[in-house]
Amino acid sequence: SQLCGQAAAMSSLFTHLDHVQRSRDPAVDQRRARRDLVDLVSHVTARGSAHSVRIINLSSLGLMCRSDGGLPVGERITVWLPLVQDIAADIRWVEDGRMGVEFLEPIKPLLYDGLMGLIPPRRTAW
């Protein structure tokens, strides 16, 4: 009986560890919204200064872009997008000339669909 209890505990532990392993696997997409591959040159504004960016992927909740602006994680910015104009966002991560940005408010579905109709799709991921 005690052995069965230990086996159940180990099974539970391994199930938990399997979840942790999956969560660290970059092939597992944990995003809250589908990302669309795009190719859009735009700009972000931080502390009154504009920085050029090339947007690589986009969702209603945020985007990833390339930038040489050297902006830090946590910086509040605005991002210029067609139709949407300047949308407020926070920089969530920065790595190798790329940055991940989360919008303060999601782009509404009809507006997002219109926006995607104006942006050239990207054929390949980075």
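Student: Does Glu95 count as buried, exposed or partly exposed?
Tutor: The relative accessibility of Glu95 is 44%. Buried means under 20% relative accessible area, exposed over 50%, and partly exposed in between (1.4 Å probe, protein chains only). Therefore Glu95 counts as partly exposed.

Student: What kind of model is this?
Tutor: Residues are numbered from 1 along each chain as its sequence is written, and side-chain values use heavy atoms, without hydrogens and water. Local features need pLDDT of at least 70, side-chain atom pairs count only at pLDDT 80 or more, and totals for chains, interfaces and linings use all residues, since the model is predicted.

Student: Which residue forms a salt bridge with Arg98?
Tutor: A salt bridge is a side-chain nitrogen of Lys or Arg within 4 Å of a carboxyl oxygen of Asp or Glu. The closest N and O atoms of the pair are 3.5 Å apart. The partner of Arg98 is Glu95.

Student: How many salt bridges are there by this rule?
Tutor: One of them joins Asp39 and Arg54, with the closest N and O atoms 2.7 Å apart. That pair links distant parts of the chain, Asp39 in strand β1 (residues 36-46) and Arg54 in strand β2 (residues 49-58). Strands are DSSP runs of E, at least two residues, numbered from the N terminus. The count comes to 7.

Student: Why does the pair of Glu102 and Arg92 tie together parts that are apart in sequence, and by how many residues?
Tutor: The side chains of Glu102 and Arg92 meet in a salt bridge at 2.6 Å, N to O. Glu102 lies in strand β6 and Arg92 in strand β5, so the parts tied together are apart in sequence by 10 residues.

Student: Which residues do salt bridges with shared partners join into one network?
Tutor: Arg92, one of the members, is partly exposed at 47% relative accessibility. The network consists of Arg76, Asp90, Arg92 and Glu102.

Student: How far apart in space are Cys65 and Ile55, C-alpha to C-alpha?
Tutor: Cys65 lies in strand β3 (residues 62-67) and is buried, with a relative accessible area of 0%. Leaving aside neighbours within four places in sequence, Cys65 is in contact (heavy atoms within 4.5 Å) with residues including Ile55, Gly97 and Met99. Cys65 and Ile55 are 10 residues apart in sequence, and their C-alpha distance is 4.1 Å.

Student: What is the phi of Leu83?
Tutor: Leu83 is in the loop between β4 (76-81) and β5 (85-95). Leu83 is not a glycine, yet its phi is positive, at about 70°.

Methods:
Helices (H or I, at least four residues) and strands (E, at least two) are DSSP runs, numbered from the N terminus.
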